[in-house]
Amino acid sequence: MTAALTRADSRPHPPAEPQDGTCPDTARDGILQRQARRESSARTYARSLPIVPVRAKGMTVEGADGRRYLDCLSGAGTLALGHNHPVVLEAIRAVLDAEAPLHVLDLATPVKDRFVDALFETLPPEFARDARIQFCGPAGTDGVEAALKLVRTATGRRGVLAFTGAYHGMTAGALAVSGDTAIREAIGPGADEVTRLPYPYAYRCPFGVGGPEGAELAVRYAETLLDDPAGGVAAPAAMIVEAVQGEGGVIPAPDTWLREMRRITDERGIPLILDEVQTGLGRTGAFWAVEHSGVVPDVMVISKAVGGSLPLAVIVYRGDLDRWWPGAHAGTFRGNQLAMAAGTATIAHIRANRLDTRAAELGDRLTSGLRALMADRPEIGDVRGRGLMIGVEIVDPDAAPGVDGARRAAPELAAAVRAAALDRGLIVELGGRHGAVVRLLPPLTMTDSQAAAVLDRLADAIPAATAAVRKASTRRGRTE
């Protein structure tokens, strides 16, 4: 651990006494019970994080029982500046105080104009020069839907190249059951055809070799498949990729591999879509994750942090792809003025304070500290990430390494680590192929002392979780 991350600064704070607005445990439990009874079985975070947040500021969330937590989930990466940042609140209040329209569909407004100016200023100049923007429904998944419709309309092709471990959203079927035949026919039959390519994953390499050699094999596989006349892959409408897979287990794409994907798509006239929904706005140590490789995409999907904590999604793309007709893609809430104002303020604050650089520095400290734990904690199979997008893969400490050197994933232990972290005032979530990767997505405004606290609380949680899982296993063995 570096000198900047002193243990004195990182001692967990005792739970706070209930204050105004909190409620007794019985009332809190009642809220949780009513949620479980009334909300759908699809709820996720509420199952693993049984807290009732009542106020939040920066990285700190206070529950209804008065306990305080450090939030390393940040709305799945939405809160680049943390909770209730002053510049975001000021921007929202300014729109409200001006009595500006809050809902305008896709009409032009000064608020939207300023947002587009601010966003385009962050893009690679050669991309921004002739770029177009489409405001989508207020979630990243609709941005992905829009991007796919765009490239299918522009190219007249249907299939898409995607990658193992990818996550691009949760929508499906809405267009299939809609009555507008013009839109359905534009994307054509077979629009759900996806060819899956291997994504480089050094710790669990699909080719069993890892490192640069594994990435090179992934390039060769993609190129050979596309050029093989008997490969079974028709000319695709696009390739869609994440520069860092988030839900897939926080796996950064090697820069050389991503440049090769750009070369492959360029040479074959295949539009390249970069999904920056979770990685954008400084999260990975650059304003956009694709900047690390120097790649310029044809389409970018942007959401989460770009709305400054409020719902907003857009796609930005090359002007020559803009072959849509009016209404080819729409969404009732694509004109969210509050989100645009909050997003403009967030972009400006990140740039003015170089929070992308700060994310890179803090990320290096956190990953170094977590890797130092690996020597004593065999439960940690791998630590990886970029900037403040970090993954800790939890493995079975008693399992022998496989031929690729990786131990078997341990999802039960990872869930126990998450619970033990919550007991110690730290909110984390899981991801990865087997749900065994502890994911850290703290706000870019995290302080040195908060970073130290995150390390200390995780360092305490991992052995506590291991002991709890072993105890439960022993107990199960006695009853069988």
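Biologist: In which loop does Arg354 lie?
Modeller: A caution first: this is a predicted model, where local features need pLDDT of at least 70, side-chain atom pairs count only at pLDDT 80 or more, and totals for chains, interfaces and linings use all residues. Residues are numbered from 1 along each chain as its sequence is written, and side-chain values use heavy atoms, without hydrogens and water. Helices (H or I, at least four residues) and strands (E, at least two) are DSSP runs, numbered from the N terminus. Arg354 sits in the loop between α11 (337-352) and α12 (355-374).

Biologist: Is Arg354 buried or exposed?
Modeller: Arg354 is not a glycine, yet has a positive phi of about 50°. Buried means under 20% relative accessible area, exposed over 50%, and partly exposed in between (1.4 Å probe, protein chains only). Arg354 has a relative accessible area of 54%, so this residue is exposed.

Biologist: What is the relative accessible area of Ala76?
Modeller: Ala76 is in helix α3 (residues 74-77). Ala76 also has a positive phi, about 55°, without being a glycine. Ala76 is buried, and its relative accessible area is 9%.

Biologist: Which residues lie nearest the centre of the second largest pocket?
Modeller: On a 1 Å grid over the protein atoms alone, a pocket is an open set of points with protein on both sides within 12 Å along at least five of seven lines; a cavity is a set where a 1.4 Å probe fits but cannot get out; lining residues have an atom within 4 Å of a point. The lining of this pocket has 36 residues, and those nearest the centre are Tyr45, Ala76, Tyr167, Glu247 and Lys304.

Biologist: What is the volume of the second largest pocket?
Modeller: Its lining has 16 nonpolar, 12 polar and eight charged residues. Ala, Val, Leu, Ile, Met, Phe, Trp, Tyr, Cys and Pro count as nonpolar, Asp, Glu, Lys and Arg as charged, and the others, Gly among them, as polar. Grid points are joined across faces, edges and corners, and a volume is the space filled by probe spheres set on the points. For the second largest pocket, that gives about 710 Å³.

Biologist: How many charged residues line the largest cavity?
Modeller: The largest cavity has a volume of about 40 Å³. Its lining includes Tyr201, Arg204, Glu393 and Arg433. By class there are four nonpolar and two polar residues, and the charged ones number three.

Biologist: What is the volume of the second largest cavity?
Modeller: Among its lining residues are Ala243, Asp255, Ser293 and Arg386. The lining divides into five nonpolar, one polar and two charged. The volume of this cavity is about 30 Å³.
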